[in-house]
Amino acid sequence: MDEHEGTRESCRRNIRTKVVLDVETKRGYWLTVYAQDHGVVPLSSSLQVYVEVLDENDNTPLTELPVYYPSVPENSPAGVSVLQIRAFDHDVSPQQFVFTISSGNPEGYFLINSTTGSG
Ligand SMILES: [Ca+2]
Ligand SMILES: [Ca+2]
């Protein structure tokens with residue numbers, strides 16, 4: 001007995017990417033796929049595929065300016081606000097930032113709120 005007798009013929013084809021996708025450029029792609037047989041009069045059908053591109057953390061945080069020049073009056077009380085830094089980045093997923101003063105503060109004269117950027 002033919003092992004295919006009584007079974008439907010099937011054919012599988014993979015859809016693969018051909019380039020590196022960037023979710024920050026486009027979040028998803030609607031594809032229309034046709035299946036067509038080799039009949040004398042070919043018959044076909046189509047289906048829709050939505051490919052979602054998932055975000056990766058591939059964009060660095062940015063600030064509005066690369067350099068700030070705030071000033072503080074001499075004899076200001078401790079705790080006076082110097083600057084509020086705002087950061088953003090281009091990843092589509094919500095990003096949270098941690099702020100630290102990494103140099104220039106050996107005496108510890110300045111503080112920064114690590115989550116809000118207030119100093
Ligand atoms: Ca990021
Ligand atoms: Ca990203």
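This briefing describes the fold, the annotated spans and one strand pair of the structure above. The model is predicted. Its secondary structure consists of four strands and zero helices. The protein has a radius of gyration of 29 Å, whereas a compact globule of 119 residues would have one near 14 Å. Buried residues account for 0% of the 119 residues.

**Overall shape and composition**

- The C-alpha trace of the protein spans about 95 × 30 × 20 Å along its principal axes.
- Read from the N terminus, the order of elements is β-β-β-β.
- Of the contacts in the protein between residues at least 6 apart in sequence, 49% join residues that are at least 24 apart.

**Annotated spans**

- An unreviewed UniProt entry lists "domain: Cadherin" for residues 21-63 and for residues 64-117.
- Residues 64-117 are 4% strand and 0% helix, with the end C-alpha atoms of the span 13 Å apart.

**The pairing of β1 and β2**

- Strand β1 covers residues 28-36, and strand β2 covers residues 44-52.
- The two strands, β1 and β2, pair in the antiparallel sense, and nine bridges connect them.
- One of the residue pairs in this arrangement involves Q36, whose bridge partner in β2 is S44.
- Strand β1 is hardly covered, since the count of buried residues among its nine residues is zero.
- In a regular strand, the side chains alternate between the two faces of the sheet.

- S46 is a residue of strand β2.
- S46 is classed as exposed because 9 other C-beta atoms lie within 10 Å, and the cut-off for an exposed residue is 12 or fewer.
- Leaving aside residues up to four places away in sequence, S46 touches T32, V33 and Y34.
- For S46 and T32, the C-alpha to C-alpha distance is 6.7 Å, and the two residues are 14 residues apart in sequence.

**Summary of the main points**

- At the level of the whole protein, the radius of gyration is 29 Å and the share of buried residues is 0%.
- At the level of the strands, β1 and β2 form an antiparallel pair, and S46 of β2 is in contact with residues including T32.

Note on methods: Residues numbered from 1 in each chain as written. Chains lettered and ligands numbered in written order. Predicted model: local features only at pLDDT ≥ 70, side-chain atom pairs only at ≥ 80, totals over all residues. UniProt positions renumbered as here; feature names shortened; annotations may be inferred. Buried ≥ 20, exposed ≤ 12 C-beta atoms within 10 Å, placed from the backbone. Contact = placed C-beta atoms within 7 Å. Pairing = 2+ DSSP bridges. Rg over C-alpha atoms; globule rule 2.2 N^0.38 Å.
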